[in-house]
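Thanks for making time this morning.

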Amino acid sequence: MIQHGIEKAEKQDVEVQFIVQDCTQLQLPITTKFMYMTGNSFQHFLTNDSQNALLQSVKKHLQPGGEFLFYTRNAILSELSSIDEYEEQMVTSNGEQRFTFHREEYDPVTQILTCHAVHQQDGKTYEDSILLRYTYPMEMMRLLQQNGFELVHLYGTWQKHEFRAQSPSMIIHVRSR
């Protein structure tokens with residue numbers, strides 16, 4: 001993705017500085033008024049310690065009163081309570097058929113969803129998996145407060161609908177205290 005970004009910036013004649021770092025240990029040469037994190041990335045922080053480290057790292061780079069915006073999927077237990085298995089078929093850009101079998105299983109004790117996929121294409125099979133943690137709303141509020149943030153707003157969608165139990169997302173806007 002970084003290489004893609006570099007190429008895109010060059011094509012558009014835009015100067016961009018790309019820095020690759022562990023976001024739980026950022027060492028940026030600046031502080032800023034605003035930071036954001038995209039792609040439900042918060043779910044990749046599987047432990048309390050890694051969530052705390054992320055928030056402390058962000059806070060360190062925010063100016064006093066600086067704001068942080070991020071989002072994560074909302075844990076809707078009716079959707080997570082059963083194992084989800086499904087198959088997909090697609091044609092790749094070079095015209096080959098790809099079959100993918102997905103299996104997703106949620107562990108309510110660890111709050112981690114294990115997503116496993118088996119791909120078959122051109123007579124070959126490969127597998128991949130990802131672990132995603134769900135953080136509950138009250139848990140998130142405690143986590144933010146504990147790490148020196150105050151809630152500005154919690155939305156349930158990008159259309160700024162109020163957060164509800166069945167909202168697909170938690171769009172979280174906080175300010176550094």
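In which loop is Asp-122 found? Asp-122 sits in the loop between strand E5 (112-121) and E6, where helices (H or I, at least four residues) and strands (E, at least two) are DSSP runs, numbered from the N terminus. Before I go further, please keep in mind that this is a predicted model, in which local features need pLDDT of at least 70 and side-chain atom pairs count only at pLDDT 80 or more, while totals for chains, interfaces and linings use all residues. Residues are numbered from 1 along each chain as its sequence is written, and side-chain values use heavy atoms, with hydrogens and water left out.

Back to the loop, then. Most residues other than glycine have a negative phi. Phi of Asp-122, however, is near 55°, a positive value in a residue other than glycine, and with 54% relative accessibility Asp-122 counts as exposed, on a scale where buried means under 20% relative accessible area, exposed over 50%, and partly exposed in between (1.4 Å probe, protein chains only). Lys-160, in the loop between E7 and E8, also has a positive phi, of about 65°, although it is not a glycine, and Lys-160 counts as exposed at 57% relative accessibility.

Two other loop residues are buried. Ser-167, in the loop between E7 and strand E8 (169-176), has a relative accessible area of 6% and is therefore buried; leaving aside residues up to four places away in sequence, Ser-167 touches Asn-74, Ile-76, Gly-156 and Glu-162, a contact being heavy atoms within 4.5 Å. Asn-40, in the loop between E1 and H2, is buried at 11%, and with the sequence neighbours up to four places away not counted, Asn-40 touches Tyr-71, Thr-72 and Arg-73.

Now the chain as a whole. There are four helices and eight strands, and from the N terminus on they run α-β-α-β-α-β-β-β-β-α-β-β. Buried residues make up 36% of the 177 residues, and among contacts between residues at least 6 apart in sequence, 55% join residues at least 24 apart.

Let me pick out helix H2. H2 (residues 48-60) has 13 residues and, at 1.5 Å a residue, should span 18 Å, which agrees with its end C-alpha atoms being 18 Å apart; the expected span is 1.5 Å times one less than the number of residues. Among the buried residues of H2 are Leu-54, Leu-55 and Val-58, and what covers the buried residues of H2 includes strand E1 (32-37), strand E6 (124-133) and helix H4 (137-146).

Finally, the pockets. On a 1 Å grid over the protein atoms alone, a pocket is an open set of points where a 1.4 Å probe fits, with protein on both sides within 12 Å along at least five of seven lines, and lining residues have an atom within 4 Å of a point. The largest pocket has a volume of about 1100 Å³, a volume being the space filled by probe spheres set on the points, which are joined across faces, edges and corners. Its lining has 26 residues, of which Ile-19, Cys-23, Leu-26, Met-35 and Tyr-36 lie nearest the centre, and E1 gives the most to that lining, with five residues. The second largest pocket has a volume of about 240 Å³ and is lined by 13 residues, with Glu-79, Leu-80, Glu-104, Leu-113 and Tyr-134 nearest its centre.
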